[in-house]
Amino acid sequence: MTLNIAVLPGDGVGPEVIAEAIKALKAIGLIYGHTFNFNYGLVGAAAIAKHNTALPEETISLCKDADAVLFGAIGDIAYDIDPDAAIRPEQGLLGIRKALQLHTNIRPVIAYPDLLNKSSLKVRQIKDTNILIYRELTGGIYFGEKTLSEDGNTASDTCTYHRHEIERIAHEAFKAAQSRKGKLTLVDKANVLESSRLWRRVVLQLAKQYPDVSLNFMFIDNAAVELIKNPKQFDVILTENMFGDILSEEASVIVGSIGLLASGSHGEKHVMFEPIHGAYTAAKDKGIANPIASILSAALLLDHFNLADEAALIRDAVDKSLNLHITTPDLNTKYNNISTSKVGDFIEDFINNPEETNLNFTNIHLGQSTII
Ligand code: IPM
Ligand code: MG
């Protein structure tokens, strides 16, 4: 298979983690005889510095012409502390989501057996957690009208949803539930928000087409508690844009590090894969960022093109790295000399040579070659 992949490394640790995902994809390409063409584009603070816009036209075209987009991270501390900045890096990510109409963002939350004790939650609570969060990605308060009064004292953001925006992601979430445990939880704030009541109405109507799915509702404030108190009760969670942003980040506590969570964003014509974490500017160029979310985003990309064996091999390599504690310092207090690229090297080596007998444990923990 030939795939043209637009690569947008973005800001902060984005370039470092994406380099490791590319390593894994290149290894997969060689083994399985696929041609992956990687075409790089600028976005975020990196694009502002060069083109004075967070999303240059040529980046949009690059992504529109590609079979898939691989995204790194976005944001920069310089803008985070400046509420008056007219141009913001995040406009690049939001702009690309809108331009490609990536309305359905899927964020898997899976508790790895080898990491159960890394979570600050109790092992018995989180063991066997396996949730898919369906986050609506191109509507809601992120994209509604924004105002700031002339005197600078009043501001507003509007949360608007249209029926068709709810229907298209809800269908996907129902279908996902059908192929899993058959449970769908709509998270909203229908006791207060009109837009949430529209979500409820629309989702309830669609539920008739999916009699094999058991649908339940939860208010976002309660869901925030239940998600970490008893995550195993969830199968598929469906929610609007901002609630999904917050809940998915909270869910990283279950898994042990936000550096592990990948996501896929889907529209009618385009797809994009990206870690759920941000740019983590403080870690830039220190080699401490966890590349696994980016590497697992590459696995989701392969899944999308029905390359199931290829995706499984990447996941096996990730599992092995976690099992052997070949991880960056966010997960690893014992051997903290294992850098972003060393984790990527191990995963690449394992993809090329998935035989345990080839592992050299002494070298691994010295941060040296992992293969005899
Ligand atoms: C995410 C991020 C983005 C979002 C930011 C960087 C704009 O937090 O993908 O979760 O809020 O969607
Ligand atoms: Mg977020």
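How do α1 and α11 lie relative to each other? They are oblique to each other, and the views below start from there. This is a predicted model, where local features need pLDDT of at least 70, side-chain atom pairs count only at pLDDT 80 or more, and totals for chains, interfaces and linings use all residues. Residues are numbered from 1 along each chain as its sequence is written, chains are lettered from A and ligands numbered from 1 in the order in which they are written, and side-chain values use heavy atoms, leaving out hydrogens and water.

**View 1. Here α1 packs against α11.** Helices (H or I, at least four residues) and strands (E, at least two) are DSSP runs, numbered from the N terminus. The angle between α1 and α11 is about 40 degrees, and their axes are 8 Å apart. Axes are lines fitted to C-alpha atoms, for helices over the stretch in contact, with angles running from 0 to 180 degrees between N-to-C directions. Angles under 35 degrees count as roughly parallel, over 145 as roughly antiparallel, 65 to 115 as roughly perpendicular, and the rest as oblique. On the α1 side, look for Val-17, Ile-18, Glu-20, Ala-21, Ala-24, Leu-25 and Ile-28; they meet Ser-294, Ile-295, Ala-298 and Leu-302 in α11. That contact holds nine nonpolar residues, one polar and one charged. Ala, Val, Leu, Ile, Met, Phe, Trp, Tyr, Cys and Pro count as nonpolar, Asp, Glu, Lys and Arg as charged, and the others, Gly among them, as polar.

**View 2. Now α1 meets α13.** These two axes come within 9 Å and cross at roughly 10 degrees. That makes α1 roughly parallel to α13. The class tally for this contact is five nonpolar, four polar and five charged residues. Glu-348, found in α13, is partly exposed, with a relative accessible area of 25%. Buried means under 20% relative accessible area, exposed over 50%, and partly exposed in between (1.4 Å probe, protein chains only). Setting aside neighbours within four places in sequence, Glu-348 is in contact (heavy atoms within 4.5 Å) with Lys-23 and Ala-27. Glu-348 and Ala-21 are 327 residues apart in sequence, yet 9.2 Å apart in space, C-alpha to C-alpha.

View 3. Among the buried residues of α12 are Ala-311, Ile-314 and Val-318, and the cover over the buried set includes α1, α11 and α13. Leu-313, also in α12, is buried, with a relative accessible area of 12%. Beyond its neighbours within four places in sequence, Leu-313 is in contact with Ile-28, Ile-31, Tyr-32, Ile-351 and Pro-354. After α12 comes His-325, with a positive phi near 60 degrees. The C-alpha atoms of Leu-313 and His-325 are separated by 18 Å.

View 4. Most residues other than glycine have a negative phi. Asn-52 is not a glycine, but its phi is positive, about 60 degrees. Asp-128 isn't a glycine either, and its positive phi is about 70 degrees.
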